[in-house]
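Work through the exercises below with the sequence and the model open. Each task is followed by a solution in steps.

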Amino acid sequence: MKSKALPYLLLLPATVFLLVFFVYPFIQIAWLSVSGPGGFSLQPFTTMATHWKFQTALGWTLLLAAVVVPIQLVMALSMASIVTRLQQGRNTFLYIFTIPLGLSDLAAGIIWLAIFEQSGYLNSMLHGLGIIDQPILFLGYQNIWVIFIAIVLAEVWRATAIMMVILVSGMGLIPKEFYEAGEVFGANAWQRFVKITLPLLRPSLQSALILRTLAALEVFAVVTALGGTTLPVLMGETFQWQFTLQDRNVASAYAMVILAISILATFFFLRVLRVPKGATI
């Protein structure tokens, strides 16, 4: 009897943690998003949808995820391939690649702010080379696309290593015999990568893309550090409605929109990169 109950007892702490810190807050947020002074109401969603910043924030958020994630995927695959093939110095390269993981989102944003601001390194370098006579306001509201590029660079620099670590683990599970067989049949390095590595890396690609896409949809600190409110994103608007405008209901509606987009993105990657039944490495 004890042996049958043991698995449930082991799962109990994790279950309680999820119920208290995830399920209960989610229920609260879901209710706040559809409630008003008189009870059930869709007014929070109406207020959110008709606010002039909503469509802009939604567009910038989706564009940021659509640009950052593919770049990070290509870079993570390249970095993981390099680390996997190294015979010596592998741990050193892995350590160097993962250094940005030790920084918080805000710290990464501040570092790139120090590069792009008027008294930053970029202006100093351009002035030293004689390209400019006076500092350029790269992150001004007139240069919103420069702000976007700065955010993309900061996100790529900061978080690509997350995907790389997952892909390195996945590549380590692929038997070397598969590559040796490919060489025997005359497959070049690119053909082995496309026909062997990528198909067998699907589970790791799923995890990496889902985690990174969800994080990209929730980007906040980097945007705040580099663009403030000049470039609105969904998470930034959630913060503004919660703490500046003091409207928890509309903030909850924003949170539900982010959740809905995250769920759709998750199902998309699970569908596109699904592993065929019975397929094993």
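**Exercise 1: Aromatic rings**

W112, F116, F138 and W157 form a single aromatic cluster. The model is predicted, and local features need pLDDT of at least 70, side-chain atom pairs count only at pLDDT 80 or more, while totals for chains, interfaces and linings use all residues. Residues are numbered from 1 along each chain as its sequence is written, and side-chain values use heavy atoms, with hydrogens and water left out.

Task: classify the ring pair of F54 and Y254.

Solution.
1. Rings of Phe, Tyr and Trp (its six-membered ring) pair if their centres lie within 6.5 Å; planes under 30 degrees apart count as stacked, over 60 as edge-to-face and the rest as tilted.
2. A search of the whole structure gives 14 aromatic pairs.
3. For F54 and Y254 the ring centres are 5.8 Å apart and the planes stand at 65 degrees, so this pair is edge-to-face.
4. The pair links distant parts of the chain: F54 lies in helix α3 (residues 54-85) and Y254 in helix α13 (residues 248-272), 200 residues apart. Helices (H or I, at least four residues) and strands (E, at least two) are DSSP runs, numbered from the N terminus.

**Exercise 2: Burial**

Task: decide whether F54, Y254 and F269 are buried or exposed.

Solution.
1. Buried means under 20% relative accessible area, exposed over 50%, partly exposed in between (1.4 Å probe, protein chains only).
2. F54 has a relative accessible area of 11% and is therefore buried.
3. Y254, at 0%, is buried.
4. F269 is buried too, at 13%. With F268, F269 forms an edge-to-face aromatic pair, 5.4 Å centre to centre with 65 degrees between the planes.
5. For the protein chain, buried residues make up 36% of the 281 residues.

**Exercise 3: Two packed helices**

Task: describe how helix α9 (residues 189-200) packs against helix α10 (residues 202-217).

Solution.
1. Axes are lines fitted to C-alpha atoms, for helices over the stretch in contact, and angles run from 0 to 180 degrees between N-to-C directions.
2. The axes of α9 and α10 are 5 Å apart, at an angle of about 60 degrees.
3. Angles under 35 degrees count as roughly parallel, over 145 as roughly antiparallel, 65 to 115 as roughly perpendicular and the rest as oblique. Therefore α9 is oblique to α10.
4. The contact (heavy atoms within 4.5 Å) involves L198, P199 and L200 of α9 and R202, P203 and L205 of α10.
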